[in-house]
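Colleague: I would like to learn how to read cavities and helix packing in a model. Could we take the two topics in turn?

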Amino acid sequence: MAPEYTLTTLEKTFEPASVEARLYRGWEESGAFAAHPQSAAAPYTIMIPPPNVTGSLHVGHALTMTLQDIFVRFRRMQGRDVLWQPGTDHAGIATQMVVERLLDKEGVSRKQLGRETFLSRVWQWKAESGGAITAQLRRLGASPDWARERFTMDDGLSAAVREVFCALFDQGLIYQDKRLVNWDTVLGTAISDLEVEARETKGSMWYIRYPVEGGEEIIVATTRPETMLADTAVAVHPENEKFKHLIGQHVILPLTERRIPIVADEYADPEKGTGAVKITPAHDFNDFEVGKRHGLPMPSMLDKQGKVTLAELGELPAFCAGLEGLDRFEARKRIVAELEARELLVEVKPHAHTVPHGDRSGSVIEPLLTTQWYCNAWVLAQPAIEAVESGRIKFVPQQWENTFFAWMRDIQPWCISRQLWWGHRIPAWYDEQGNVYVARNAEEAQAKAGAGVKLSQDEDVLDTWFSSALWPFSTLGWPEQTPELAKYYPTDVLVTGFDIIFFWVARMIMMGMHFMGDVPFRTVYIHGLVRDEKGQKMSKSKGNVLDPLTLIDAYGADALRYSVAAAAGQGRDVKLGQKIVETNRGFITKIWNAARFLEMNGVKPNPDFRPENAKLPLCRWILSAANEAITAATSALEAFRPNDYASACYRFAWGDLCDWFIEFAKPGFASEDAAEIRDTAAHVLGILLRLMHPLVPFVTEELWGYFGYGPQGSLISAPWPEAQAVSDADAAAAEVNWVIGLISEIRTVRSEMNVPPSLKSPVLLQDAAPATLARAQAWFEAISRMARASEIGPLAGPAPNNAAQAVLGEATIILPLEGLIDLDAERKRLSAALAKAQAELAKVSAKLANADFVSRAPEAVLEEHRERQDSFTGEVNRLEAALRRIS
């Protein structure tokens, strides 16, 4: 008999805090994350979506970075030359605001400092405080090639930005134009649609009389009476019978006494307001388009601070002239009061509507007509659209292609200039006559302008998304033709959220196609949002925001990584909460405890073990199960299904290995079969550690080194497991799966019938084949121990009264319950529980059948109701089956 092993030096519990930093430092210092451009290995490249240099790790980062890390660790183990390109974004507005707030505390403003001094302070802040997020990503276990970290304003990327700007300008694809932009009056800059937050606001709708020349009047409804000073038309629908006769006539604009036309335009909806719309082309995006269609003047009545300016409105009566310099909201009050005094205000109604606000400043965004730099996105979009249509770029899930196409096929000119100081300064210079010279540097601009011509550089900077759009090739050294560019472009997959498909993904495709002549990535994997456990969006106001670093401190990085990956089903948002991570820490603990038990029983790697030589059915079964787990995990990762990968790992680790193999094997460690069981256990544990390493890298790496599968810190570069031949695997699977099925059925019956665990019961098999009976006897020790069976054998004669039944294969399992439980009481208990479950099911089903409820309830509430419906349906089925067993 083999000796017993009772001593272990593996710690009793896995303590992430004492392990993670040490392991991570070892990986990083050993160069385990490094790409090798000169190697012959096939490349695998992912570009990190560069987080803002001002940022801190949030749950969205935890999701996207975990998923990317899973993919790159998987491919690294497959032998690919992995480049996971890290870096941070200069985040123009966000960073400038951070530094301006610091200056406020010092009692000094940006403008007092001047541009150069202010920029030196921003660079100083970046050196001291920026990039904290990269340290936080290390806490998560992310494994990018840190030695290649880039910053969107480093010298190389700045050169790429200037090169692209100049090339597009020379091609006529970058130009200046006067158009409406989202203007932030607090920050004093144009901002992108992404930086605009639509807030539901309780406002008012003012109904104003506009006198028509000749005696009639038109009532116009507006939420912005102050902008009427710059109205240049009233629009009505061409088919609106109420106003058709007035088309082509003029109204006298109240207060200003200016004469403006009544135009026919389908923008005016007869069903909304009064059917007549005031048109202010310089202060409304829809009005701007109407103004273009009808050739209307476009005077502005607000300046860049949101104050009234009358310079473009010509001669005005005294009242209007007195509004000069007033804040827009104060001007609104005075204009409404004057309209009321002149009996031109018909009525005011409460009106809830969405009002655009700056997501950083919180101020109401003003559509403002300004001269800005634009990029002809329509021309750049065409090759990008074709790349997705032809399948050269695939979206996963595929339905996001529709979102991409909808935006790209209706793409508007891209406003690329921002009125900030921090960012890529636009490489354009002006002479004193206003002529523009676009050049890569001041010397080149001077050469274009001629010696002695005084030049001044454009004050504006580029939209942050402009430099981000170049990320897949600028980070690899473009415009230089580097070995990295040759090997790693196009990249393999981009992992990101759906919210920046327009702002980043589409623009990278446009720029990549234009400057590289090829797609920037072959697959775009779009994941969902992270929501709380109830499916609600996380927000500070709800108090349900989770801090991933707090979760890592409490439960370890592995538990957090497993939690987000296991919930990341394609096309679904990720539900995450503290309890979920706490529960999943139990899975990490389970793996540790299983390894500790195996070590206590003398399990250690045997390099001479060959799976095909295994003889025991149990060993052949677990080896076959390992092959199935490898196939399932590999397929899931290749199909970008992280939740299925996590499920495959869970089923194999907790189910096959812990629940069944180890439980079955316990007596075997002290038997003549101990050597084969130990060697098999060590082999399978090694497979499990490799299989799960991309998902939970810390606990697997710690156990890998401890058991001696390889040197400390070497699992990260160990080969991905591959299925190996197992002798007569089908027969072993049939045998062991039958035993598992038998034990599971008996356990289910005992649980449903409330049989106390301390009481054993006989197990009778009706109509069982001789082979089945022989198998039951051969495995009786395990059946007795794990199913609390006092004996097992064939049924002789009729089935006893008061017995529960279950079917397994050709046999009926009969569990005599006489004397073990009160069957009448049990029937009453089950019947009462069934009635309650049926009532709950009826209640939730009725709600989901109510069209009004379904149309009005938030998606998170509907999802919760569907989950409850599924849960109650399962409970009803279970209780009905339990009652049938003892009927």
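Colleague: How many cavities of 30 Å³ or more does a search of the whole structure find?

Modeller: This is a predicted model, in which local features need pLDDT of at least 70 and side-chain atom pairs count only at pLDDT 80 or more, while totals for chains, interfaces and linings use all residues. Residues are numbered from 1 along each chain as its sequence is written, and side-chain values use heavy atoms, with hydrogens and water left out. Rolling a probe the size of a water molecule over the atoms shows where empty space is left. A cavity is a set of points, on a 1 Å grid over the protein atoms alone, where a 1.4 Å probe fits but cannot get out; lining residues have an atom within 4 Å of a point. Points are joined across faces, edges and corners, and the volume is the space filled by probe spheres set on them. Here the search finds two cavities of 30 Å³ or more.

Colleague: Which residues line the largest cavity?

Modeller: Its volume is about 40 Å³, and its lining consists of Pro611, Leu623, Ala626, Asn627, His683, Ile687, Gln724 and Val726. Helices are DSSP runs (H or I, at least four residues), numbered from the N terminus. H21 (617–638) and H23 (674–692) each supply at least two lining residues, and H21 gives the most, with three. For classes, Ala, Val, Leu, Ile, Met, Phe, Trp, Tyr, Cys and Pro count as nonpolar, Asp, Glu, Lys and Arg as charged, and the others, Gly among them, as polar. This lining has five nonpolar, three polar and no charged residues.

Colleague: What lines the second largest cavity?

Modeller: Ile93, Gln96, Met97, Glu100, Leu187 and Leu420 line the second largest cavity, which holds about 30 Å³ of space. Four of these residues are nonpolar, one is polar and one is charged.

Colleague: At what angle do the axes of helices H25 and H27 cross?

Modeller: Axes are lines fitted to C-alpha atoms over the stretch in contact, and angles run from 0 to 180 degrees between N-to-C directions. The axes of H25 (residues 729–752) and H27 (residues 780–787) come within 10 Å and cross at roughly 25°. The two helices are therefore roughly parallel (under 35 degrees). Contact means heavy atoms within 4.5 Å; the residues making it include Val739, Leu742 and Ile743 of H25, and Ala782 and Ile783 of H27. By class, the contact has eight nonpolar, no polar and two charged residues.

Key: On a 1 Å grid over the protein atoms alone, a cavity is a set of points where a 1.4 Å probe fits but cannot get out, and a pocket is an open set with protein on both sides within 12 Å along at least five of seven lines; lining residues have an atom within 4 Å of a point. Angles under 35 degrees count as roughly parallel, over 145 as roughly antiparallel, 65 to 115 as roughly perpendicular and the rest as oblique.
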